[in-house]
Amino acid sequence: MKRVFLFLLTNLAVMLVLGVVLSIIMSALGLSHRSLGGILLIAAVFGFGGSFISLYMSKWIAKKSTGAQVITQPSNQTEQWLVNTVAVQAKKAGIAMPEVAIYDSPEMNAFATGPSKNNSLVAVSTGLMQSMTQDQAEAVLAHEVSHIASGDMVTLTLIQGVVNTFVIFAAKVLANIVDNFLNGDEEEGGISWTYILFDMLFQVLFGVLASIVVAHYSRQREFAADSGAAKLVGTDKMRSALERLKQNHPSQLQGSMVAFGIAGGKSMAELFSSHPPLETRISALSK
């Protein structure tokens, strides 16, 4: 509950900051929130602004929400092995050494996050280190390093920014049209309950459709990260790690960390899942 509260509080703070910035810009430009230019500005600020602020705060959010402890000075053989393994893989992948962290969770999982290839974090769960062999854990780390080397965090942020902007813009334009149709021009320039209602309804509808696009990209990057890991440590190790994940606990990761974890959460439909089925990923490694 504490992690969920922190996640929600952080997002609320981001929205408040963007709201203040938006008010200043719109006032300076003399734009109305119901004009086409005003709607486009609102959509772009909240669509891209929220995504990029979250990206630049991603390491801090990840550490706070999972309780991950960065290994600054290895205190045992396991921590030393983790740091050494990531260092070797990062060098092979051509990226700067990521921060390496461990977080307490029974699930077998790991994730990568950070604003750039040279400013990143790789974190593994205690459950993964206790339940996987060293070869399997090495493959999982290689998977996360491959995400970083491919710039997946930045690319996903750009895609999320584009779809967020589209969702907000389309919802507000359609809500404006419906509101004007129902109320005429009586409340043009103001805020009516019908405008608020339809804006929310359209954002939910378009948001669901947009999530399919983002999930599709995320699934494709999982295949690419599996392939990248196989090149770093060998196909057999990566396949063995995926086989082991079949006995995993449900994922406890939230937000963007889910997309870059080695294992995804349960989804009602594959269309909305950030990860392909494990059987499909294992099969893809054999091609």
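Student: Does aspartate 199 count as buried or exposed, and at what relative accessibility?

Tutor: Aspartate 199 counts as buried, because its relative accessibility is 8%. Here buried means under 20% relative accessible area, exposed means over 50%, and partly exposed lies in between (1.4 Å probe, protein chains only). The model is predicted, so local features need pLDDT of at least 70 and side-chain atom pairs count only at pLDDT 80 or more, while totals for chains, interfaces and linings use all residues. Residues are numbered from 1 along each chain as its sequence is written, and side-chain values use heavy atoms, with hydrogens and water left out.

The partner of aspartate 199 is lysine 172: the two form a salt bridge, and their closest N and O atoms are 2.8 Å apart. This pair links distant parts of the chain, since lysine 172 is in helix α7 (residues 152-183) and aspartate 199 is in helix α8, 27 residues apart. Lysine 172 is also buried, as its relative accessible area is 13%. A salt bridge is a side-chain nitrogen of Lys or Arg within 4 Å of a carboxyl oxygen of Asp or Glu. By this rule the count comes to 10 salt bridges. Helices (H or I, at least four residues) and strands (E, at least two) are DSSP runs, numbered from the N terminus.

In α9, the residues Met238, Ala241 and Leu242 are buried. Viewed down the axis of α9, these buried residues fall within an arc of 95°, so they line one face of the helix. The arc is that of the directions from the helix axis to the C-beta atoms. An α-helix has 3.6 residues a turn, so residues three or four places apart point the same way. The buried residues of α9 pack against α6 (134-149), α8 (193-233) and α11 (278-285), where contact means heavy atoms within 4.5 Å.

Glutamate 99 pairs with lysine 59, and the closest N and O atoms are 2.9 Å apart. Glutamate 99 lies in strand β2 and lysine 59 in helix α3, so the pair ties together parts that are 40 residues apart in sequence. Lysine 59 counts as buried at 14% relative accessibility, whereas glutamate 99 counts as partly exposed at 26%.

Helix α3 (residues 58-66) has Ser58, Lys59, Ile61, Ala62, Ser65 and Thr66 buried. Down the axis of α3, the buried residues fall within an arc of 165°, so they line one face of the helix. Just after α3, glycine 67 takes a positive phi of about 75°.

Strand β2 (residues 99-103) has four of its five residues buried, so it is largely enclosed by the rest of the structure. Two bridges join strand β1 (residues 69-70) to β2, and these strands run antiparallel; strands pair if DSSP finds at least two bridges between them. Valine 70 has alanine 101 in β2 as its bridge partner. Strand β4 (residues 119-125) is joined to β2 by five bridges, and these two run parallel.

Glutamate 243 is partly exposed, with a relative accessible area of 34%, and lysine 246 is partly exposed at 38%. Elsewhere, salt bridges that share partners join Lys59, Lys63 and Glu99 into one network.
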